[in-house]
Number of protein chains: 4
Amino acid sequence: MSKQETKADFKHFLTIPTRWMDNDIYGHVNNVIYYSYIDTVANEYLIHHGGLDIHHDSVIAVAVESQCKYFRPIVFPDSIEAGLRVGHLGNTSVRYEIGLFNACEDTLCASAYFVHVFVRRESYKPVPIPGKLRRALSKISIA
Amino acid sequence: MSKQETKADFKHFLTIPTRWMDNDIYGHVNNVIYYSYIDTVANEYLIHHGGLDIHHDSVIAVAVESQCKYFRPIVFPDSIEAGLRVGHLGNTSVRYEIGLFNACEDTLCASAYFVHVFVRRESYKPVPIPGKLRRALSKISIA
Amino acid sequence: MSKQETKADFKHFLTIPTRWMDNDIYGHVNNVIYYSYIDTVANEYLIHHGGLDIHHDSVIAVAVESQCKYFRPIVFPDSIEAGLRVGHLGNTSVRYEIGLFNACEDTLCASAYFVHVFVRRESYKPVPIPGKLRRALSKISIA
Amino acid sequence: MSKQETKADFKHFLTIPTRWMDNDIYGHVNNVIYYSYIDTVANEYLIHHGGLDIHHDSVIAVAVESQCKYFRPIVFPDSIEAGLRVGHLGNTSVRYEIGLFNACEDTLCASAYFVHVFVRRESYKPVPIPGKLRRALSKISIA
């Protein structure tokens, strides 16, 4: 992932308006909150495009690793455009790559990755990615 | 405020998509998060419609009281329509009344009020509401 | 509840350190975050003193109403002492009264109430408060 | 950083109790919240041990990069012991390494790093780390 990437480098987008309390004492969105945008775009994709039922499905996705590089401040009341693609689609895990853009611009505010492992809800044992989710994830894969 | 109110009872609206981490262990948006929607719609109005500059203005708005009644669960990835009106516009304070609706429906998920007092940023001494803000607040007043 | 209440007016206490991101752009803990302290002290009491199993119990507690009055700012890295008592113990609901104090002082930063209704986890139908929880709540009741 | 590290591998500790809303729909602390623990222990160290005045100092610390690897779930009402050390102390930046432990155990729940760049509050231009902060950071450096 490079700092020079633009919206054209991503496959799926979600608009995420900032909230008042996202700003911290220094007047910009706190670094922690970026990860909330990141796991929102990933989970929204699984739900709306992969049919994941977070209330009842026996297989769920849990985070095992995440990283974010911060390039430019985001400030409430900005609206964020979160771009998503799949960088690696494994047997039991997926690596998402995410670019956060100010909705009005095409320069990265932040770039991130996030790894989900699919597990049984009750035991947390890893399992192969269910077919409906794998099909959805393949559609936004660049690998 | 009544549980029977509809979108027609509010003067200004803001769409607030839920985020993954808004859901708590019981599978619905946590009660605390509703207040984040509430202070977001109020501050967004002050900024976009009243010209409040949260970084530089010498007068800022601070919360002195808030309340929320919860009628129906909200669940990620729902999108919320937050309705806002001014119930009381005093010399140094304003009482907002807020209705939270599922974007697709016209039945209240929650109703709330929220009181801002306007103060000097440095001293926290209450001051009369600045003219630009008073004019904006008057436009959505029902008093 | 009165602004003059002190720690002696509460029955159970929990120390809640503030976090960096609790502070908002105006340099104090955001009003929304107070409710996080409030539902933490209430649920912690149900779990540690009432034996509530939030993962498996068939009866859970959901918020139906809450209110907070803000008297004095809280600032990270302050630590908060949250005082809890039961103001009303009904058949299916409980009203908590909460005082938030700076850990080093005996003057209220904020006072709040919070109403839990006990419901079946699956149907959200109200049910009588289970015995183990009622006994725990009785111990901190002032009614 | 290795998954096998223990509390003995860190130089400074902060106890961070979980909060009710830290848990997400899957019953464990949400991945985003870990970063809140991470930036809390780093900033607490700068304030309490380095004398950083977050309200008035002309030089502040902003995040440029962070990463977390999740090994074992954390669940409210657990209390976390956050271990901190400095992995690299540069001219204008510092790399913190953080281990999150369940307060009762000596096995990592998560390991993370977090990079702060020191900048002028008004211009966000990087500046050399102020002496009082550099001295404090040196004390917990392993480089």
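# Exercises on a predicted four-letter chain set: A to D

Residues are numbered from 1 along each chain as its sequence is written, while chains are lettered from A and ligands numbered from 1 in the order in which they are written.

## Exercise 1
Describe the contact between chains A and C.

Solution. Step one: seven residues come from chain A and seven residues from chain C; residues are in contact if their C-beta atoms, placed from the backbone, lie within 7 Å. Step two: the chain A side has three nonpolar, three polar and one charged residues. Nonpolar here means Ala, Val, Leu, Ile, Met, Phe, Trp, Tyr, Cys and Pro; charged means Asp, Glu, Lys and Arg; the others, Gly among them, are polar. Step three: 100% of the interface residues of chain A are also interface residues in chain C, so the copies meet through the same surface.

## Exercise 2
Work out what builds the side of chain B that touches chain C.

Solution. Step one: chain B gives 18 residues to the contact and chain C gives 18 residues. Step two: the elements of chain B with two or more residues there are α1 (31-48) and β2 (59-70); helices (H or I, at least four residues) and strands (E, at least two) are DSSP runs, numbered from the N terminus. Step three: β2(B) supplies the largest share, ten residues. Step four: by class, this side holds eleven nonpolar, four polar and three charged residues. Step five: β2(B) and β2(C) run antiparallel and are joined by five bridges, with S66(B) partnered by C68(C).

## Exercise 3
Trace the sheet that includes strands of chains A and D.

Solution. Step one: ten strands form an open, antiparallel sheet in the order β1(A)-β3(A)-β4(A)-β5(A)-β2(A)-β2(D)-β5(D)-β4(D)-β3(D)-β1(D); strands pair if DSSP finds at least two bridges between them. Step two: β1 (12-17) of chain A and β1 (12-17) of chain D are the edge strands, each pairing on one side only. Step three: six bridges join β1(D) to β3(D), and L14(D) stands opposite A82(D).

Definitions and conventions
Predicted model: local features only at pLDDT ≥ 70, side-chain atom pairs only at ≥ 80, totals over all residues. Contact = placed C-beta atoms within 7 Å.
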